[in-house]
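I opened a notebook page for this chain and looked up a few local features. The entries follow in the order in which I made them.

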Amino acid sequence: MDIKKKHIVFKSFTVFLTISLITVSCNLIPGRDASLVDPYYITGSREDREKLKELFNLLSLEEYGSEGEFAVIREIAASFAKIGDYERLINFLSARTINNPFDPYNSYYYLMIAYAFIQLDSEPIAALYFDMILKNYPDLAINDESIHLVCLRHLINLNDKIERQVWYYNELITRFPDKIDLGTTYFMLGQACEQAGDWNNAVQAYANYLPYAGAIITGFPNAEQYARQKVDFSKSPKDWTFESLPALRAAVENAIDENNPWTLMQYQAKVNFFARSWEQMEVENIRMTAFNLAQFMYGNRIRYASTLDASSNATEAFLRTTGWSLSLNTWYLYFRKIYFPQDPEIHGRWEWAGIYYGEKF
């Protein structure tokens, strides 16, 4: 954060901390007498000042907590926002909420305060207000829009604590299923649960997302495939996995040496196995289980490299093989370390996950 932004945040935070001191003076907030209006609030151009005087005069005539009072307060706050005077907006609305703690419209006033802090580049303070509204104030619909829903949407972007993110997404799904994109929300809940280490609920969220698959999720072009892989693998027996890469490699090489396609096929991953060229995108996976390896091995002498490809690493490995067919002579067998923290007995084992056709480039 640069020096200027730090100064703005500090200044805004000072406003936030000193509201109670500011409101000790009774004439900071107009009473029933319009003459008590503090000149501090009459600001801006001549036209702006005249409008504000008129609004404060109207406010002095309205009953506390009434719809009329709410309409006038909202217009006063909007006037401050229009001229970019967010500090006066914050002072005005903070005084209203402190002096009238049971005002039925306080949740909306706090929402406007939060928006003002966003305009002052004080997002962390705005997040405090959004969270306070959710925890301490009943929901309120303004222009047919739920204030709690607005707060949740903002907090997802402002509060990056992963446990809170999980709670926000669950609240959206439980309380506002008809107001949100359920597919995207379920997928993002799955992502948040994964980051929180809640693997079972992550898989459940992905399973709930799949009926809505097809919607575009920003930042996740392969969302459907990702979710389906997680769900399918979770439900599978996982009996094709090997304790280590050397054990997997030895089993595959022995099956090739014996020219035994039936044994070799037993070592293929039964979920999410792919076969594609290097040029194909991941979304273009072709399931190898639709093939019969015997037709590629019959009458051919399959050979494999004596060492793994140089691009292999601690989590994935490539074994170059040749002799499969005239058109696709070279195949790279792709081995992958399994990431499945929800089951410690499977997590860290290895699987033969796919095939890449042709030479690497």
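**Entry 1. Two loop residues**

I began with D121, which sits in the loop between α5 (106-119) and α6 (123-136). Helices here are DSSP runs of H or I with at least four residues, strands are runs of E with at least two, and both are numbered from the N terminus. The model is predicted, so I noted that local features need pLDDT of at least 70 and side-chain atom pairs pLDDT 80 or more, while totals for chains, interfaces and linings use all residues. Residues are numbered from 1 along each chain as its sequence is written, and side-chain values use heavy atoms, with hydrogens and water left out.

Phi of D121 is positive, near 60°, and the residue is not a glycine. Is D121 buried or partly exposed? D121 has a relative accessible area of 32%, so I put it down as partly exposed. The cut-offs are under 20% for buried, over 50% for exposed and in between for partly exposed, with a 1.4 Å probe and protein chains only.

N143 is another non-glycine residue with a positive phi, about 55°. I found N143 in the loop between β1 (141-142) and β2 (145-146). Its relative accessible area is 63%, so N143 counts as exposed.

**Entry 2. Strand β5 and its partners**

I then turned to β5 (residues 316-322). Five of its seven residues are buried, so the strand is largely enclosed by the rest of the structure. Strands pair if DSSP finds at least two bridges between them. β5 pairs with β4 (residues 303-304) in the antiparallel sense over two bridges, and R303 stands opposite T322 of β5. With β6 (residues 330-337), β5 pairs in the antiparallel sense over seven bridges.

Which residue of β6 is the bridge partner of F318? I read off Y334.

**Entry 3. Aromatic pairs**

I searched the whole structure and got 36 aromatic pairs. Rings of Phe, Tyr and Trp (its six-membered ring) pair when their centres lie within 6.5 Å; planes under 30 degrees apart are stacked, over 60 edge-to-face, and the rest tilted.

F318 and Y334 form a tilted pair, 5.3 Å centre to centre with 35° between the planes. F318 lies in β5 and Y334 in β6, so the pair ties together parts 16 residues apart in sequence. F318 is buried at a relative accessible area of 8%, and Y334 is buried at 7%. I also noted that F274, W278, F318, Y332, Y334 and Y356 form one aromatic cluster.

**Entry 4. Charges over rings**

A charge sits over a ring if NZ of Lys or CZ of Arg is within 6 Å of the ring centre and within 35 degrees of the ring normal. R276 lies over the face of F274, 4.2 Å from the ring centre. The charged end of R88 sits over the ring of Y40, 4.4 Å from its centre.

**Entry 5. Nonpolar cores**

A nonpolar core is a set of buried Ala, Val, Leu, Ile, Met, Phe, Trp, Tyr and Cys residues joined through side-chain atoms within 4.5 Å. The largest one has 70 residues, and F56, I76, F92, L93 and Y108 have the most contacts inside it. I checked which element gives the most to this core: α5, with 10 residues. A second, separate core has 33 residues, including A251 and Y267.
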